[in-house]
Amino acid sequence: MKLAGSSHSVCLIIGDPVAHSLSPRMHNAGYRALDINFFMGAARIPADGLSEAIAGVKALGIRGLACTMPHKVAICPLLDDLDPVAETIGAVNTVVQEDGRLRGFNTDWIGILRPLESLVSLRGTKVAILGAGGAALAAIYACVSAGAVVSIFNRTLAKAAGTANRFGTELLPLSESSDLSPYRVIINTTSVGMSPQENLSPLTKQQVCPHHIVFETIYHPRETKLLQLASSCGATTLRGLDMFIEQGAAQFELHTGLRAPREAMRNEIYPPLVT
């Protein structure tokens, strides 16, 4: 990769935590494949430091950001402009700097839509979305825009009421007694299954059926307890890495203006499982 010269562009992924992120590896592999003057690093930014960080991004001329938890919603009012889709979703995972202005985008919904539609037509399909945070907003948008019938399941109904009202979706309590059998697709957008909860699943074995497509948005660990449980029940599964690659490819194209080299990016972060 050519790092010298004024055309070199720096991107960052910001979040807290962020050390586990595969974004730098994936994006840098894409830059190498195209031999372009880009580099992505990672910066741990606590929630109370986000405003200062965004000011620094602008001052330093950082080309773009990948934005992860807990900043996807909080970053929105700190930007100069929002893409219409990001504005509708109410969350941003991608920022591009042009002429000193920061514009926010959301590519998470693409990461949800493309893997799902490779398996099933979403029009008229019943989808259960677990959780109501930033990732849930993108998942709801993706499914509703494709014509799915969406229900949100959340442990605290009051926290999800605004999201349900915004998208006109059904809101139901998430518990061990929740009946998910009427649904074709289940999308987990909660943090249950991510460290330090990697030994937990948001669902029990009794709640997963063989007809389900279970989509996990967590990609670290690669095989969460939910995915293990779903596989043991005969359900079809989609990993968080499936979403991660597609949202990252769309993000790469926004940052660089070039077609993402998906194969190089996928091969960097999706090696075969060791058995």
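This is a predicted model: local features need pLDDT of at least 70, side-chain atom pairs count only at pLDDT 80 or more; totals for chains, interfaces and linings use all residues.
Which residues have the most contacts inside the largest nonpolar core?

Numbering runs from 1 along each chain as its sequence is written, and side-chain values use heavy atoms, with hydrogens and water left out.

Overall build. We have 9 helices and 12 strands. These are DSSP runs, numbered from the N terminus: helices are H or I, at least four residues, and strands are E, at least two. The C-alpha atoms fill a box of roughly 60 × 45 × 35 Å along the principal axes. Buried residues, meaning under 20% relative accessible area with a 1.4 Å probe and protein chains only, make up 55% of the 275 residues.

Contacts next, meaning heavy atoms within 4.5 Å. Take those between residues at least 6 apart in sequence: 66% join residues at least 24 apart.

Now the core. A nonpolar core is a set of buried Ala, Val, Leu, Ile, Met, Phe, Trp, Tyr and Cys residues joined through side-chain atoms within 4.5 Å. The largest has 35 residues, and the answer to my opening question is Trp109, Ile112, Leu116, Leu122, Val127, Ile129 and Ile187. Helix H5, residues 134-145, gives the most to this core, with 8 residues. A second, separate core of 20 residues includes Cys11, Ile13, Phe244 and Ala260.

Terms used. Buried means under 20% relative accessible area, exposed over 50%, partly exposed in between (1.4 Å probe, protein chains only).
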